[in-house]
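Welcome, and please open your viewer. We will go from one selection to the next, starting with aromatic rings and ending with a pair of helices.

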Amino acid sequence: MTRLLVHVVDDDPDAVDLLRSYLEHAGVDTAHSLSGREAVDSLSEHPPDLVLLDVQMPGLDGFETLAEMRAIAQLRDVPVIFLSSLDRPNLKVRALDMGADDYVVKPFSSAELVARVRAVLRRG
C-alpha cells in the first residue's frame, strides 16, 4: 500500500518541522516548501495527495499560492487545508470559496490536525 504524501508550505522552518513530525508520526510521508513560489514549482513536478498551506507568507501568500495551484491542471484537484493564526470569518470564507477543503486555526492539537487531514483525504 502506497503511503500518502502531504506537502507542507510555511515560511517558518520551525512550524514545518512540527507539522512534519505530527504527520510522520501518523504514518504520512511529507515534503515541504518554505515559500509559495517554491511550493508551486515543486508541486507541479510532484503533485502530493494533500497540501497544508500557511496563509501569511512573504511573496506569494497562501491565497495567491492556491490561485496559482488551481490554474495548473495537475494541481487543480489536489486537496488543500489552510493553516493560520488568523481566526477571521472573512478569511475562512475566502479560502473555502477559492476551493480550499478546510481552514484550521493555530494553535491546534496534533490529533486534530491529523484527523482533519484524514477526513479530507477520505473525501478525495
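Predicted model: local features only at pLDDT ≥ 70, side-chain atom pairs only at ≥ 80, totals over all residues.

Residues are numbered from 1 along each chain as its sequence is written, and side-chain values use heavy atoms, leaving out hydrogens and water.

Ring pairs join Phe63, Phe82 and Tyr103 into a cluster (rings of Phe, Tyr and Trp, the last by its six-membered ring, pair if their centres lie within 6.5 Å; planes under 30 degrees apart are stacked, over 60 edge-to-face, the rest tilted). Phenylalanine 63 and phenylalanine 82 are tilted, 5.1 Å centre to centre with 35° between the planes. This pair links helix α3 (residues 62–70) to strand β4 (residues 80–84) (DSSP runs numbered from the N terminus: helices are H or I, at least four residues; strands are E, at least two).

Next, select helix α1 (residues 13–25) and helix α5 (residues 110–123), whose axes come within 10 Å and cross at roughly 65° (lines fitted to C-alpha atoms, for helices over the stretch in contact, with angles from 0 to 180 degrees between N-to-C directions). Show Leu19, Tyr22 and Leu23 of α1 with Ser110, Leu113, Val114 and Val117 of α5 to see the contact (heavy atoms within 4.5 Å).
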